Amino acid sequence: MNTTLSLEPAASVPDEERPRGTRRLETYPELLQRLSHQSVVKHFDAYTDVPWDDPEYRIDPEDPRWALDADDTLGATTWYRAQPAGTQARIGLHLIATAMKNGVQFESVLKRGLLEFAVPLPNGSREFRYVYHEVIEEAQHSLMFQEFVNRTGFDVPGLVWWQRLVTRRVVAHGRQFPALFFVFVLGGEDPIDHVQRTALHGSQPLHPLLKRIMQIHVTEEARHLCFARQYLKERVPTLGVAARATLAVAAPVVLGQMAKLMLQPSAQVIRTYGIPSAVVAEAYTRNPRHRAGTIEALSKVRRLCREIGLLNSASEPLWSALGLLPA
């Protein structure tokens, strides 16, 4: 059992992994060394650090804590509010289970891509050590997410066939075009990190099992996000003109697709509860509040893209057309 760090129910989680006690700029090798050290002293195990069999952590599909509140774009619709309380809770839990299953499959792509990224690294590489720490942590996250899905009783399929085909190309980018691979990583991790932090800091009562999983996830994701951002800051300026132009076009497309996958309901959820297409449009596709939430969820990676030159005067119209820029 991990004895180096515990998270009590009210424990805070880091906004980002940052160096402490120094005013000078941290070098990239120093960052890698620090993140690797943090992975040794601050890590979790999916089964020893989550009390799955505690009666308080039991999943009841009709527990009102699963229900969506009025701040949720679907939860705010008249259609949702007209559903029986038990159905409202089941919809909320089904959405969470779907997000967890997507997380399992996204992290499978992430782990395989990281292993591809590590293959050509030389002996003595600090990136190699850090990447393997992250692979181990992501495997623990996948175990947590899948165990949660199993205990909900929902048979969640996750990605559809064509999305699984696309992921094979993403994995290959880990070795062939790492900068694009890490844009994909941020596209999947940043929106969910934003959603989980918002929930942890919000006033809505959270089921203790969900709260524990989110606390663990965002604590370790702080390292993963830090590494992906710093890698892009370090490497993108060294790319050739053609590679940077390709990345500038691909980045908003990847981020837009990943945000849609992570922040909108699956076809299975829509079919299971008979959610009318007009309600889906009201809650998501034609909802200015959902668009604003998506833009906010991508704010950190958008600032990064502007900083490293991927969001520029040439690519800005594409970002705007995809609905990824503030009005």
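## Buried serine, helix packing and salt bridges

Serine 39 touches His133, Glu137 and Arg223, leaving aside residues up to four places away in sequence; contact means heavy atoms within 4.5 Å. The model is predicted, so local features need pLDDT of at least 70 and side-chain atom pairs pLDDT 80 or more, while totals for chains, interfaces and linings use all residues. Residues are numbered from 1 along each chain as its sequence is written, and side-chain values use heavy atoms, without hydrogens and water.

- Serine 39 lies in helix α1 (a DSSP run of H or I, at least four residues, numbered from the N terminus).
- Serine 39 is buried, at 5% relative accessibility (buried is under 20% relative accessible area, exposed over 50%, partly exposed in between; 1.4 Å probe, protein chains only).
- Helix α1 covers residues 28-41, and helix α4 covers residues 126-152.
- The axes of α1 and α4 come within 9 Å and cross at roughly 35 degrees (axes are lines fitted to C-alpha atoms over the stretch in contact; angles run from 0 to 180 degrees between N-to-C directions).
- On the α1 side, the contacting residues are Tyr28, Pro29, Glu30, Leu32, Gln33, Leu35, Ser36, His37, Ser39 and Val40.
- They meet Arg126, Glu127, Arg129, Tyr130, His133 and Glu137 in α4.

**The α6/α8 packing**

- Helix α6 (residues 178-201) packs on helix α8 (residues 241-263).
- Their axes lie 9 Å apart, at an angle of about 35 degrees.
- The α6 side is made up of Ala179, Leu180, Val183, Phe184, Gly187, Gly188, Pro191, Ile192 and Val195.
- The α8 side is made up of Leu247, Ala250, Ala251, Val254, Leu255, Met258, Ala259, Met262 and Leu263.

**Salt bridges around arginine 151**

- The count comes to 13 salt bridges (a side-chain nitrogen of Lys or Arg within 4 Å of a carboxyl oxygen of Asp or Glu).
- Arginine 151 pairs with aspartate 53, with the closest N and O atoms 3.4 Å apart.
- Arginine 151 sits in helix α4 and aspartate 53 in the loop between α1 and α2 (78-81), so this bridge ties together parts 98 residues apart in sequence.
- Arginine 151 is partly exposed, with a relative accessible area of 33%.
- Aspartate 53 is exposed, at 67% relative accessibility.
- Arginine 151 also forms a salt bridge with glutamate 147, at 2.7 Å from N to O.
- Arginine 151 and glutamate 147 are 4 residues apart in helix α4, so about one helical turn separates them.
- Glutamate 147 counts as buried, at 15% relative accessibility.
- Shared partners join Asp53, Glu147 and Arg151 into one salt-bridge network.

**The α3 to α5 bridge**

- Glutamate 116 and arginine 175 form a salt bridge, with the closest N and O atoms 2.9 Å apart.
- This pair links distant parts of the chain: glutamate 116 is in helix α3 (residues 85-118), and arginine 175, 59 residues away, is in helix α5.
- Glutamate 116 is partly exposed, at 25% relative accessibility.
- Arginine 175 is partly exposed, with a relative accessible area of 42%.

**Tryptophan 162**

- Helix α5 spans residues 161-176 and contains tryptophan 162.
- Tryptophan 162 is partly exposed, with a relative accessible area of 45%.

Key
Helix = DSSP H or I, 4+ residues; strand = E, 2+ residues; numbered from the N terminus.
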